[in-house]
Amino acid sequence: MLKYALSLFVISVCASIFAAPSYSDFFTDRACRIDFHFCGNAHQISVYLDGVKQEPFWGGRRKHLDTDLNLGDFRFRVLDSLTQKVIYCNGFSALFREWQSTPEAATTSKSFEQAIQFPYPKRSVVLLIEKRTDFDQWQELFRYNLLPSDKLIDRRAPRKVPVNTICKNTTPDKGIDIAVIAEGYTAAEQEKFYKDAQQLLKNLCTHEPFASNRERINLYAIAAPSEDSGVSVPQDSVWKNTAVGSNFYTFYEPRYLTTLNVKKVYDYAALAPYDAIYILANTSRYGGGGIYNFYTLVTADNQYTTQVSVHEFGHSFGGLADEYFYEKQDVLAGMYDLKQEPWEPNITTLVKFDAKWKADLPKGTPVPTPSVDQYKNRVGVFEGGGYITKGMFRPSFDCRMRTNSYPEFCPVCRSAVERMIRFLTE
Ligand SMILES: [Zn+2]
């Protein structure tokens with residue numbers, strides 16, 4: 001009898017060690033936001049804490065909390081202080097990481113704002129921020145003991161601006177929740193912003209797998225007012241006072257539209273539950289930007305707005321890489337170490353091709369795959385991608401992640417986005 005009781009005890013201890021963390025055991029319905037700075041130069045990176053906030057909504061997943069999809073140049077993990085078990089984790093990328101590959105970073109040190117959000121814990125946790133050093137290797141950059149009852153955690157309600165629910169199909173735990181923030185819309189242009197946000201949803205749903213998952217999308221339009229209409233275009237000496245202070249000409253690249261004011265972005269996003277943030281810029285100029293699990297910035301009125309908004313969301317939501325490359329050296333050409341397998345699901349250096357789309361290659365496909373008509377409409381291993389012509393391979397001759405003229409995501413990109421949708425909503 002004693003033996004029986006003991007084995008039951010062993011089983012229950014094992015179950016509690018190996019059971020996936022249950023949301024309600026560890027987390028409240030609110031969110032915890034950590035603001036920090038990435039500081040350094042081409043060779044160094046450090047994390048400095050800026051502040052901790054309690055925010056009203058948690059829009060993310062409530063299942064499989066202790067696993068992620070191995071995406072992003074960085075990841076954070078939240079550990080229960082008592083057991084040191086991982087109770088939440090997520091990957092993300094950063095504009096800082098891109099900047100590290102620019103010529104400026106070789107001679108200058110800089111700091112970039114960054115923010116992460118996770119469900120607000122019920123009891124003491126340890127937060128780890130880690131940098132990817134290889135496809136499956138990580139280096140700790142930052143460790144912080146967070147006591148949820150700490151009186152100095154900022155509990156101020158976010159600054160109120162009008163929020164229009166464009167569509168709400170399901171609850172945040174089962175939905176792809178998208179916060180769309182107005183950028184460069186004056187208070188008088190609020191109605192235009194709501195129309196543009198509606199159009200953004202339509203644009204997204206012109207592409208699979210978003211079209212067939214439309215019923216899982218919740219989209220909130222956050223009407224952050226700007227003093228000026230339009231956004232800053234430094235190459236034309238045009239500077240505007242706008243809600244999140246975005247500008248073209250990031251890293252001297254004319255069409256690269258980003259903002260460094262990440263705290264402002266996340267302050268507005270806090271008005272809605274979200275999995276992803278879109279910043280919608282009120283301009284007809286061509287350009288945009290999207291960084292995995294950080295934000296997407298797109299323009300409202302360009303002839304390529306549909307293509308660009310889906311392409312950039314491919315980066316920020318699906319963790320997809322650019323499949324394009326130029327003979328002329330791109331500003332981001334130094335982004336990838338060709339001795340390592342990149343983490344993005346749609347490019348490969350063939351170092352760990354097993355972890356990519358190798359299983360999806362039709363039988364008899366040559367590797368690398370020649371860019372000839374015979375192979376142009378099927379999955380292959382085409383050389384050129386991730387801004388470089390040699391040593392990096394992409395899965396399809398053409399794709400939404402390569403050109404504006406191609407109408408859809410290639411099968412590998414589509415599967416990666418589908419995987420993310422299932423991960424967040426099921
Ligand atoms: Zn693709």
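View 1. Pro 368 sits in the loop that runs between helix H7 (305–316) and strand E14 (382–385). The peptide bond joining Val 367 to Pro 368 is cis, with omega about -5 degrees. Please keep in mind that this is a predicted model. Another cis peptide bond joins Glu 208 and Pro 209, and here omega is about 10 degrees. Pro 209 is likewise a loop residue, placed between helix H5 and strand E10.

**View 2. Strand E10 and its buried residues.** How many of the 6 residues of strand E10 (residues 217–222) are buried? The count is 6 of the 6, so the strand is largely enclosed by the rest of the structure. Ile 217, Leu 219 and Ala 221 point one way from E10, while Asn 218, Tyr 220 and Ile 222 point the other way. Side chains in a regular strand alternate between the two faces of the sheet.

**View 3. The strands that pair with E10.** Strand E8 (residues 163–168) pairs with E10 in the antiparallel sense, over 5 bridges. Strand E9 runs parallel to E10, and 6 bridges join the two. Together, E9, helix H5 (residues 190–204) and E10 make a β-α-β unit that is right-handed.

**View 4. Helix H8 and what covers it.** Helix H8 (residues 411–425) has 15 residues, and at 1.5 Å a residue these should span 21 Å. Its end C-alpha atoms are 21 Å apart, which agrees with that expectation. Which residues of H8 are buried? They are Val 412, Cys 413, Arg 414, Ala 416, Val 417, Met 420 and Leu 424. Among the elements covering these buried residues are strand E9 (176–183) and helix H7 (305–316).

**View 5. An open sheet of 4 strands.** The strands follow the order E4-E3-E6-E7, and their pairing is antiparallel. At the edges lie strand E4 (86–92) and strand E7 (137–146), each of which pairs on one side only. From one strand to the next, the twist averages 20 degrees. Strand E6 (residues 125–134) is joined to E7 by 9 bridges. Within this pair of strands, Leu 127 stands opposite Tyr 144 in E7.

**View 6. Two loop residues with positive phi.** Asn 70 is not a glycine, yet it has a positive phi of about 55 degrees. The loop holding Asn 70 lies between strand E2 (45–55) and strand E3 (74–80). Asn 70 counts as partly exposed because it has 14 C-beta neighbours inside 10 Å. Tyr 252, also a residue other than glycine, has a positive phi near 65 degrees. You will find Tyr 252 in the loop between E10 and helix H6 (262–269). Is Tyr 252 buried or exposed? It has 12 C-beta neighbours inside 10 Å, so Tyr 252 counts as exposed.

**View 7. Ala 19 in the loop between two helices.** Ala 19 is placed between helix H1 (2–18) and helix H2 (23–26). This residue counts as exposed because it has 11 C-beta neighbours inside 10 Å. Ala 19 and Thr 67 are 48 residues apart along the chain, and their C-alpha atoms are separated by 12 Å.

Technical notes
Residues numbered from 1 in each chain as written. Predicted model: local features only at pLDDT ≥ 70, side-chain atom pairs only at ≥ 80, totals over all residues. Pairing = 2+ DSSP bridges. Axes fitted to C-alpha atoms, helices over the stretch in contact; angles between N-to-C directions. Buried ≥ 20, exposed ≤ 12 C-beta atoms within 10 Å, placed from the backbone. Expected span 1.5 Å × (residues − 1). Contact = placed C-beta atoms within 7 Å. Right-handed = clockwise from strand over helix to strand, strands pointing away.
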